[in-house]
Amino acid sequence: MLKLETPLPIKNKIKDHANNIFYRQQKMVYKRTDKLFAGLIALEWLGAIITALWISPRAWSGTFSEVHIHVWAAIILGGIIASFPIYMALLHPGRTITRHVIAVGQILLSALLIHLTGGRIETHFHVFGSLAFLAFYRDWRVLITASLVVALDHGLRGVFWPQSVYGVLTVEPWRWVEHTWWVIFEDIFLIISINQSLKEMKKIAERQAELEDTNLLIEAKVIERTHQLQAEIKQRIKAEEEAESARDAAIHANQLKSQFVANISHEIRTPMSAVIGLAELVAQAPELSDDTRKMANSTFTSSNHLLSILNDLLDFSKLEANRMHVDKSKFSIPTILDDVRILVEPLINEKKLELTITSDPNIPKFLFGDDGKTRQILLNIANNACKFTQAGGIKIAADLESNTNKIATVLFSVTDTGIGIAEHIQSTLFQPFVQADTTIKRNFGGTGLGLSISKRLVELLGGKMGFSSKQNEGSTFWFTLSFDLESRP
Amino acid sequence: MRLFPLITMVFGFAWILAIGFGLYSITKYEYTPGLSANPLPSWPDNTKLERSFDKATLVMIAHPHCPCTRASINELAKLITRKHDYLKTYILFLSPNHMAKGWEKTDLWQSACLIPHVKVVADRDGKEAENFHAHTSGETLLYDTDGKLLFTGGITDGRGHIGDNSGIEKIVALLSQKKNLKQKTNLVFGCSLTNPERRVINAEAGNTTTH
């Protein structure tokens, strides 16, 4: 298995970081322990006073008594011993000299307490307790200082008042070593414990350093990636803005074009109406020869066809330019159906087809809506049905789909038995300028705008339009429109 | 390296000096002996205590309120535990006539009463202390079966200092010997049995001074 090695510069950097964390934590331990000792030493001073007052409150001479010198020693000497360590702990916490002063003070307080209790063996445990407490610093040097004070105290007493230390007046000069040994004995175990604690602190610092460095690396990566994403988002926004402005420009250009086409169609339709009218008049003139009349009729028919194309173009352009307006007026469905019948009947008769028109009697008698556009849509799909049906018949129906007492929705449908629509072009049937195929254009004519205009008109009026068809069997085109039952502004 | 403010250095120096002086003073006080007894070489005739004729008689004279004497009582208890077969023991507690009744019945008295084979006696107005020429609480005297004084002095090596001491060592050695016993003495540490004005008279008589 391949083991990935951390590069040396990064290793050194982590090591430096770990060292910094370790020293910072060590400093915190020193400061915290200094403060602990400030409190402890103050309490010990208080304890010394209480001890003196309890054990030896007064010194006696017969029936005469006075405050015992131990009480004064506890108050004054105890206060002096406690003062400097507390001062150092509060004013210079964390400094090396502070914890050594505290170590000295702590052992001197032990000496005082031993004095005050008459050298009780139990009070000597205060020295061992103090050493254990000093181990809180996790600094073995502090224990050495404290132990030196113990050794010095025993050494000096051994010289000047041997009975105060050893209970006998004549002792061997090395006896103080025996007493100090027990202190050193505890020191050894405490120093081992301190070293283990320091090792653990170092390990924790190393782990923390690795973790913090990893976090920094991740943060840097996140920042870098965030910048990249921000740049990408900016680019995307810019591209979208450009696309939007291009689309707006295209829509605007399309509207301009539609407007232009509408204007032109309108301008062409006026003279075209004159041409149609004049062609009809010429065709009706009695003195014309048969050939001339034929030409006049041909001119009339062609002009009508051209006008129809122009009308489609005009409607489509209006829809494209959003200039198609909806008019509302009172009308009835049977009237519209009758109008359509009149207009398609000549072609029906010409092709010898059967025309069936039905109207749902549930449809309210009068409705309010755009009857002109409704008629135009129905006529358009009825004309298509006539155009593409060679035999059989056409059925035009109007059925009530729903009635809410305010709005009535009517389903119009035109069913034929014509050529039907091939499946592959059904999806594009409502798109403008689309016809089933080129043969249809050739055989049936038309602009390919009729269905597209019808669908858009239905949507403009708030309805839906669709169809179903089977090739060579026929088609059904339908649309729904909603009409008000009452006149509304 | 940042130097300490001058005030801190002065404080530290003064601290060392003050502690040195304080510890020296208190230690000196603790190991300065009281006024030693100057008893007759034999059992006093005018004492009301009964001497033993078949074993040694030990008399300790104590001040009932002296805190230092607690150590003496403790050391005596240890001695009795080891050598009670060889001893008839009295502890005399000072009981001045002009003080309130029960003045001498302190916790020290109670402690002394708990030691087996020891007779605790109230020394009315310090008469017995005078008979034995004792001036300092904790003064201990040992007499042989013939009433000869064998030991006089304290049985602690410091004021209220508990632990092995030369006084006990000497008494134990005397009790272990059968013949050729020589009188031994020891320093005594404790409160004065007499009021200050009487102590001055005693001092003028040639003895050392107590507190």
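Colleague: What share of the 211 residues in chain B is buried?

Modeller: Buried residues make up 54% of chain B, where buried means under 20% relative accessible area, exposed over 50%, and partly exposed in between (1.4 Å probe, protein chains only). Before we go on, this is a predicted model: local features need pLDDT of at least 70, side-chain atom pairs count only at pLDDT 80 or more, and totals for chains, interfaces and linings use all residues. Residues are numbered from 1 along each chain as its sequence is written, chains are lettered from A and ligands numbered from 1 in the order in which they are written, and side-chain values use heavy atoms, with hydrogens and water left out.

Colleague: Fine. How many helices and strands are in chain B, and in what order do the elements run?

Modeller: Chain B has six helices and six strands. Starting at the N terminus, the order is α-β-α-β-α-β-α-β-β-α-β-α. Helices (H or I, at least four residues) and strands (E, at least two) are DSSP runs, numbered from the N terminus.

Colleague: And what does the C-alpha trace of chain B span?

Modeller: About 80 × 40 × 35 Å along its principal axes. Of the contacts in chain B with a separation of 6 or more, 76% are between residues 24 or more positions apart; contact means heavy atoms within 4.5 Å.

Colleague: On to the interface. How much area is buried between chain A and chain B?

Modeller: About 3,600 Å², with carbon and sulfur atoms giving 68% of that. Buried area is the accessible area (1.4 Å probe) that two parts lose on being put together, summed over both. A:Trp60, A:Thr63 and A:Trp161 supply 19% of what chain A buries against chain B, more than any other three residues. The contact takes 41 residues from chain A and 45 residues from chain B.

Colleague: Which elements of chain A give two or more residues to that side?

Modeller: They are β1 (58-61), α2 (69-91), α3 (96-116) and α6 (162-166) of chain A. The largest share, eleven residues, comes from α2(A).

Colleague: OK, which residue forms a salt bridge with B:Asp107?

Modeller: B:Arg70, with the closest N and O atoms 2.1 Å apart. That pair links distant parts of the chain, B:Asp107 being in α3 (residues 107-113) of chain B and B:Arg70 in α2 (residues 69-83) of chain B, 37 residues apart. B:Asp107 is partly exposed at 46% relative accessible area, and B:Arg70 is partly exposed at 32%.

Colleague: What about B:Glu104, buried or exposed?

Modeller: B:Glu104 is buried, at 4% relative accessible area. Its salt bridge is with B:Arg124 (4.0 Å, N to O), and B:Arg124 is partly exposed at 48%.

Colleague: Switching to packing. Which residues have the most contacts inside the largest nonpolar core?

Modeller: A:Ile81, A:Ile102, A:Leu108, A:Leu112, A:Leu134 and A:Tyr137, in a core of 55 residues. A nonpolar core is a set of buried Ala, Val, Leu, Ile, Met, Phe, Trp, Tyr and Cys residues joined through side-chain atoms within 4.5 Å.

Colleague: What does A:Ile102 touch?

Modeller: Leaving out residues up to four places away in sequence, A:Ile102 touches A:Asp34, A:Phe37, A:Ile41, A:Pro85, A:Ala89, A:Leu134 and A:Tyr137. There's also a second, separate core of 45 residues, including A:Leu451 and A:Leu457.

Colleague: Those two turn up in α13(A) as well. Which residues there are buried?

Modeller: In α13 (residues 450-460) of chain A, the buried ones are A:Gly450, A:Leu451, A:Ser452, A:Ile453, A:Ser454, A:Leu457 and A:Val458. What covers them includes α8 (290-320), α10 (371-387), β8 (464-470) and β9 (474-484) of chain A. Just after α13(A), A:Gly462 takes a positive phi of about 85°.

Methods. Salt bridge = Lys/Arg side-chain N within 4 Å of Asp/Glu carboxyl O.
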